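Hi everyone, thanks for coming. Please have a look at the sequence and the model on the screen, and then I'll walk you through some parts of it.

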Amino acid sequence: MPPITVSSLDLERIEELLDSDSFRRLAGRDALQAELDRASVVDPEEVPADLVTMNSTVVVLDEDSNMQSELTLVYPNSPQPANPVSVLAPVGSALLGLSIGQSISWPLPGGRALRLRVLDVKNQPEASGKYYR
């Protein structure tokens, strides 16, 4: 597993979601919590521009199919941009905290694994100073 970094604000908001009654029994909850537990945590102002954070738009490569996709990492029930992926979905959990060039293999239901590589971070709220307290 590659090292990951998350902002303290993202960590706080995601842990609130995971602790809520709505998501307490989510299938991938434990895997996402394990990722958060191993992450380096930084203040939003210290987030590197090449890091995948919440509300970032990223270009990823599915290393098995060799297909590229542009996705925006979102919270569930947030306004939906083009190509949203929830942080609670396996793809979203896998992307959170990765940097450009990093790849990860993430288990999917049914025993398959998803292998993603981050090619670009096209938009990141922290880089533009648009994170919210």
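Let's start with R115, which is partly exposed, with a relative accessible area of 34%. On this scale, buried means under 20% relative accessible area, exposed means over 50%, and partly exposed is what falls in between, using a 1.4 Å probe and protein chains only. A quick word on where these values come from: this is a predicted model, so local features need a pLDDT of at least 70 and side-chain atom pairs count only at pLDDT 80 or more, while totals for chains, interfaces and linings use all residues. Residues are numbered from 1 along each chain as its sequence is written, and side-chain values use heavy atoms, leaving out hydrogens and water.

Back to R115. Which residue does R115 meet in a salt bridge? The partner is D64, at 2.9 Å from N to O. By salt bridge I mean a side-chain nitrogen of Lys or Arg within 4 Å of a carboxyl oxygen of Asp or Glu. D64 sits in the loop between β3 and β4, and R115 in strand β7, so this pair ties together parts that are 51 residues apart in sequence. The strand names come from DSSP: helices (H or I, at least four residues) and strands (E, at least two) are DSSP runs, numbered from the N terminus. D64 itself is partly exposed at 47% relative accessibility.

There is another salt bridge to look at here, between the side chains of R117 and E63, at 2.8 Å from N to O. This pair also links distant parts of the chain, with R117 in strand β7 and E63 in the loop between β3 and β4, 54 residues apart. R117 has a relative accessible area of 29%, which is partly exposed, and E63 is partly exposed at 21%.

How many salt bridges does the structure hold? There are 7. One of them joins D21 and R24, with the closest N and O atoms 3.2 Å apart. Here D21 is exposed at 68% relative accessibility, whereas R24 is partly exposed at 45%.

Now let's turn to the sheet. It is an open sheet of 5 strands in the order β5-β4-β3-β7-β6, with mixed pairing. Its edge strands, which pair on one side only, are β5 (84-86) and β6 (103-107). Neighbouring strands are turned by 45° against each other on average, direction ignored; axes here are lines fitted to C-alpha atoms, for helices over the stretch in contact, and angles run from 0 to 180 degrees between N-to-C directions. Two strands pair if DSSP finds at least two bridges between them. Strands of a sheet pair through backbone hydrogen bonds, either parallel or antiparallel.

Let's go across it pair by pair. β4 and β5 pair in the parallel sense over 3 bridges, and L73 stands opposite V85 in β5. Strand β3 (residues 57-62) and strand β4 (residues 67-74) are antiparallel over 6 bridges. In β4, D62 has M67 as its bridge partner, and T57 has T72. The hairpin of β3 and β4 has 4 residues between the strands, and N66 there takes a positive phi near 60°.

β3 also pairs with β7, in the antiparallel sense over 6 bridges; V58 has V121 in β7 as its bridge partner. In the hairpin of β6 and β7, with 5 residues between the strands, G110 takes a positive phi near 90°.

Last stop: the second largest pocket, with a volume of about 160 Å³. On a 1 Å grid over the protein atoms alone, a pocket is an open set of points where a 1.4 Å probe fits, with protein on both sides within 12 Å along at least five of seven lines, and lining residues have an atom within 4 Å of a point. The volume is the space filled by probe spheres set on the points, which are joined across faces, edges and corners. Residues lining this pocket include A27, L88, S93, W106 and P109. Both α3 (90-95) and β6 supply at least two residues of the lining.
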